Amino acid sequence: MTISINQCKHVCQTLLQVGLLCLLAFAAQWLVDRLGLPVPSSVVGLAALFLLLALNWLPERFVAVGATWLLGELLLFFIPPVVASIHYAPLLHQYGVSLMLTLVAGSACVLVSTGFVIDRVFRFERRRQRARRQFGVLQPVKVGE
Amino acid sequence: MPQLLASQGVALACLLTTVVTYFVSKRLYKRYRHWWLSPMIVTPACLVSVVLLFAIPLPTYFAYSHYLSALLAPATIAFALPIYWERHLILRYPMTISIGVLTGLFAGLISSWLLVKVIYLPPELSHSMLVRSVSTPFAIEATSAFGGVPDLTAMLVLVTGILGMLLCAPIFKLARIRSPLAKGAALGASAHGVGAAKAAELGQEEGVVASLTMILTGIAMVIGAPFFAYLLV
């Protein structure tokens with residue numbers, strides 16, 4: 001097995017960028033603690049990163065690789081808490097059937113209601129946009145009036 | 001002293017086993033594509049078996065593995081990037097996305113709240129249940145406002161994702177939801193990351209709408225949690 005220089009570079013880049021995002025997470029935590037903000041630090045950090053990107057203060061390529069890796073491996077990071085839920089095994093055993101029933105019914109509810117509402121709203125919004133576009137074609141912007 | 005060393009060794013082995021199991025099951029799923037080989041199912045199942053089989057105490061398992069969960073904080077911040085990339089889509093369909101986020105958020109909260117009124121569940125479970133349709137880092141952050149347990153919440157979020165993956169096809173057929181964008185948003189709102197991945201299989205725009213719906217629903221849940229908890233619990 002040979003590891004090319006490009007792969008090595010990619011790994012280093014990912015590590016550095018994940019480190020940068022960790023620093024941002026610490027900074028957000030510090031800020032929230034210091035100012036006693038009612039918003040959780042993760043949301044503050046998210047908003048800060050978005051603003052940094054949107055204002056072009058931070059080039060996208062400084063975080064893109066690290067962020068993509070973190071989001072791609074999200075499952076890995078919450079495996080430990082899932083394993084820890086065996087602490088509640090007797091509870092899950094006792095209420096297993098009711099729990100599954102609630103979960104299935106709830107998921108079905110969310111799927112149906114969201115799907116149904118968006119189906120209607122999206123058709124309406126697209127029709128409105130088309131109408132607007134046609135309107136633009138029929139009555140071109142009057143220049144120099 | 002040797003005992004301490006041994007427990008440190010076991011703790012380190014736990015971290016390694018977790019990481020290795022995850023990447024191996026990911027590779028397996030990529031090759032065979034059976035839903036029951038999904039790393040969402042295989043990884044926790046293997047690790048729970050290992051912990052039970054070797055009777056590893058949970059604090060030992062967590063000694064090093066908690067560093068993995070610590071990465072949930074930067075991962076949440078990383079969600080800013082997909083929002084930044086797809087900002088034009090939010091501007092193109094502002095109504096679809098904002099109504100999708102609100103519907104998904106309230107459908108998730110209210111359906112779970114009503115169901116646990118009818119079906120009895122102990123408070124640890126019924127309170128952890130409320131936030132289960134948003135992505136894990138947001139759910140873990142929001143759950144304590146409702147009096148939920150973070151570990152149980154993580155488990156419920158995972159099961160919800162698996163259910164969303166299995167239920168979506170028959171339900172869309174039954175409810176006659178055909179527009180791909182609606183499918184995407186519904187999947188993103190109900191089954192978070194899993195739904196977004198499934199929606200990405202339907203098409204590029206569907207995938208993007210699903211992940212935007214998922215992220216924005218998560219943010220709305222975290223910010224609104226104290227208020228919703230005041231109303232519902």
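Guide: This is a predicted model. One definition comes before the rest: the bend at a residue is the angle between axes fitted to the seven residues ending there and the seven starting there.

Visitor: What makes B:L167 in α10(B) a kink?
Guide: The bend is about 45 degrees at B:L167 in α10(B). The proline B:P170 comes shortly after B:L167.

Visitor: How do you know what span to expect of helix α10 of chain B?
Guide: The expected span is 1.5 Å times one less than the number of residues. Helix α10 of chain B covers residues 150-174, 25 residues, and the expected value is 36 Å. Its first and last C-alpha atoms are 34 Å apart, which is close to that. Just after α10(B), B:R176 has a positive phi of about 55 degrees.

Visitor: How do you know that the span of helix α1 of chain A agrees with its number of residues?
Guide: The 31 residues of helix α1 of chain A, 5-35, should span 45 Å at 1.5 Å a residue. The end C-alpha atoms are 45 Å apart, so the two values agree. After α1(A) comes A:G36, with a positive phi near 60 degrees.

Visitor: Which residues of α1(A) are called buried, and what do they pack against?
Guide: The label requires 20 or more other C-beta atoms within 10 Å. In α1(A), A:Q17, A:V18, A:L21, A:L24, A:A25 and A:A28 are buried. The buried residues of α1(A) pack against α2 (41-54) and α3 (64-72) of chain A, and also against α4 (72-78) of chain B.

Visitor: Which residues does A:L21 touch?
Guide: Leaving out residues up to four places away in sequence, A:L21 touches A:V63, A:G66, A:A67 and A:L70, together with B:P74, B:I77 and B:A78. A:L21 is also among the residues that touch the most other members of the largest nonpolar core, along with A:I79, B:I77, B:A78, B:A80 and B:M221. That core has 104 residues. Helix α12 of chain B, residues 204-232, supplies its largest share, 14 residues.

Visitor: Why is A:N56 called exposed?
Guide: A:N56 has 8, so A:N56 is exposed. A:N56 sits in the loop between α2 and α3 of chain A. Its phi is positive, about 60 degrees, although A:N56 is not a glycine.

Visitor: Why does B:R33 get the label exposed?
Guide: B:R33 has 9 other C-beta atoms within 10 Å, and is therefore exposed. B:R33 is in the loop between α1 (2-32) and α2 (39-53) of chain B. Its phi is positive, near 60 degrees, in a residue other than glycine.

Visitor: Why is A:E73 called partly exposed?
Guide: A:E73 has 17 C-beta neighbours inside 10 Å, so A:E73 counts as partly exposed. A:E73 is in the loop between α3 and α4 (74-77) of chain A. A:E73 and A:A54 are 19 residues apart along the chain, and their C-alpha atoms are separated by 25 Å.

Visitor: What makes up chain A as a whole?
Guide: Chain A has seven helices and zero strands. Of its 145 residues, 33% are buried. Among contacts in chain A between residues at least 6 apart in sequence, 59% join residues at least 24 apart. Chain A is divided into domain 1 (1-77) and domain 2 (81-139), with 28 Å between the domain centres, taken over C-alpha atoms.

Visitor: How is chain B divided?
Guide: Chain B has domain 1 (2-69) and domain 2 (78-232). Their contact takes four residues from domain 1 of chain B and five residues from domain 2 of chain B. On the domain 1 side, the residues are four nonpolar, no polar and no charged. The centres of these domains, over C-alpha atoms, are 27 Å apart.

Methods
Residues numbered from 1 in each chain as written. Chains lettered and ligands numbered in written order. Predicted model: local features only at pLDDT ≥ 70, side-chain atom pairs only at ≥ 80, totals over all residues. Domains from an automatic or database assignment. Helix = DSSP H or I, 4+ residues; strand = E, 2+ residues; numbered from the N terminus. Buried ≥ 20, exposed ≤ 12 C-beta atoms within 10 Å, placed from the backbone. Contact = placed C-beta atoms within 7 Å. Core = buried A, V, L, I, M, F, W, Y, C linked by C-beta atoms within 7 Å. Nonpolar A, V, L, I, M, F, W, Y, C, P; charged D, E, K, R; others polar.
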